[in-house]
Every structure is written in C-alpha cells, then in structure tokens.
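Dear colleague,

Please find below the structure that I am handing over to you. My notes on what was found in it follow directly after.

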Amino acid sequence: MMQIDLIDTFLDLMETNSFNRTAERLGVKQSTVSTRIQSLEAQLGAPLFERSRAGTRPTPSGLNFVAHARALRHEWNEARRALSEGDGAAPRLRIGLQSDLATTYIGDWMGAFRRALPGLRFYIEADFSAQMSEDVLAGTHDLAILFTPHPHPDLHYEKLGEVGYHLISTEAQTLAQVVPDRLVLANYSPAFAAQQAAVLPQHGLAPVASGLSAAVCSLLRSTGGSAYVLSRAADALVDEGVAHFVSDAPILMQPVHSLVHVRRRHVATHRRVLALMRQNFPAPKHFPEPASAANPNSSGSALIGAAHQHQPTL
C-alpha cells in the first residue's frame, strides 16, 4: 500500500534534521513523526536516521534513499493528477508563473499556446520562485517560469530571456532628485535588489516596499513617489500622465528562467511551450550607461542605461 505521508515525513526530516521541527511543519505530533519513520525503516529494512544528543542525522542508507523518495513523491503526484482529470479529458499542463509576469505577459503567451497546442488545457498559477521550485519538485506543477533559480539535483533550469524595469517618478526628474522617504522600494528578486541597491544606495530608507510591480504601480498612483516597475507598466503610467521616466536612471534587466523536473526536461510538449515563451524575449537593446550608474560588474545582471532615449523593451 502506498503511504505517501511516510515519504513526505522522511523528506521533511532530511531538511530539518529535527523531529520536533518536522512535527511542527507537518502539523502532527512528534510521536507521529517517529512512528512514520519507524514504519518506513521497517518496510525498507534499514535505519534511515541516527538520533543522539547532538541531534538527528541521516544514515548512509537514509542518504541513499533521498533520490528514490523524491522520485516516488513526484510520480505519486503525477499519477494523482492524471487520474483526477477524468476519462476523455484533454491533458492539462500546469504552469507556475512568476507573479510579476502573470499580470503582464500571460495574455500574449496564452494566445500563442492555444494556437500552437489546441488539444491541450492549461492551468496557470502565479507565485514566487521558491514555492514554484517546490511545486515542480513535488510534481504538482509541470513547469514554471521564474526569476530566481533554486539549484537542486532534480530541477532543470534554462534562461529564457530578460525583462526590464524602469525607474519612474511623479516628482523626480533625475536620480539626484529621488528622495529616500518618497521611494517605493521594489524587491522583485535578489538579483534585482542588488542592482537597485547599486543605483539607489539610499534605498534602505524607503518607508514602503513590495515584491509586485502591480502593487508598486498602485502605490505610485495613490501616494506618488519614485519606483522601479516593469517596462510595460512604466509605459502605461507615463502615457497616462501619472508619472515620468527618471532621465538618467538605468534600465534594470531581470533574467527569466524556465524550470522543469529533470525527468521531464525532454518532454515534447514542455519543449514546445518553452519555445513559444522564448519567442517573447527578443534581445534587449543596450544603451550607453549614464555616468551616475553603478559599475555593472557589481551585479550578476547588467545595468542597461535608459537615459532620455526610452524605447519599448520587455
């Protein structure tokens, strides 16, 4: 009999190395965690963990079982999904999408998906990188499009392209005029945060922060100030007369990555969907970097100068 709760408990304990912590995370008693691990060890015929005053650590057998446990959990979730679709239903592709991209690009992408793959159904769920990595690892998502890779032996990442963020303001015309207490701090990813800190070293004094471009735009509409937002959102606010581009601020480029389970990286449908997405990421236009911009070598992604020559970019 398949007892997936034993596998889930084992994998969680591998992360925490603590029976107490795993019990808290799973919402069960510590005795339940102990019983599940003992049951799994009995079925496998080998001890999986050692407990001592120093704590809990996996045995060699436990370490050897990790990859098998992950594969079992992944296959179990895929099997449940397949059966839940019902007889005669078209296959469904579950895609996790970085929240910032869901509000801006999903319309373009879905149109391309439906034209190229009319026999496929799609479920799109907006989320953040860490959770989407867990979902793909567990088999609850088929693939994900995200900003920040979380390296794992069972996860396969590829760079799809980049999206740009522009600094706009309801007040400041130049970087020197950006007032810290009127700055809405954008925190879209660690890579983006490093770039922003180089351009706006006073960012730590910002009174408000958000990890969603849509939320930042709403704040600019209601309270004014300055902030980095997605290029398309910046274009819209500028066209409406709500804000203007900060003339000497560089465009910050955020890499976008695809994610699939390593066992599914060659599936034809997945490759087709990713190819369609990649077509929406043309090579960004590079402009001369303004003198006030920080050295691009200080961050993993280049700072692309916007200056007065604003041109459409992703």
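Phe122 is buried, as its relative accessible area is 16% (buried means under 20%, with a 1.4 Å probe and protein chains only). This is a predicted model, in which local features need pLDDT of at least 70 and side-chain atom pairs count only at pLDDT 80 or more, while totals for chains, interfaces and linings use all residues. Residues are numbered from 1 along each chain as its sequence is written, and side-chain values use heavy atoms, with hydrogens and water left out.

The structure holds eight aromatic pairs; rings of Phe, Tyr and Trp (its six-membered ring) pair if their centres lie within 6.5 Å, and planes under 30 degrees apart count as stacked, over 60 as edge-to-face and the rest as tilted. One of them is the stacked pair of Phe113 and Phe122, with 5.2 Å centre to centre and 20 degrees between the planes. Phe113 is likewise buried, at 0% relative accessible area.

Phe192 and Tyr228 form an edge-to-face pair, because their ring centres are 6.0 Å apart and their planes stand at 85 degrees. This pair links distant parts of the chain, with Phe192 in helix α8 (residues 190–199) and Tyr228 in strand β9 (residues 226–230), 36 residues apart; helices (H or I, at least four residues) and strands (E, at least two) are DSSP runs, numbered from the N terminus. Phe192 is buried at 0% relative accessibility, and Tyr228 is buried with a relative accessible area of 0%. Together with Tyr165 and Tyr188, Phe192 and Tyr228 form one aromatic cluster.

Yours sincerely

Conventions. Buried means under 20% relative accessible area, exposed over 50%, partly exposed in between (1.4 Å probe, protein chains only).
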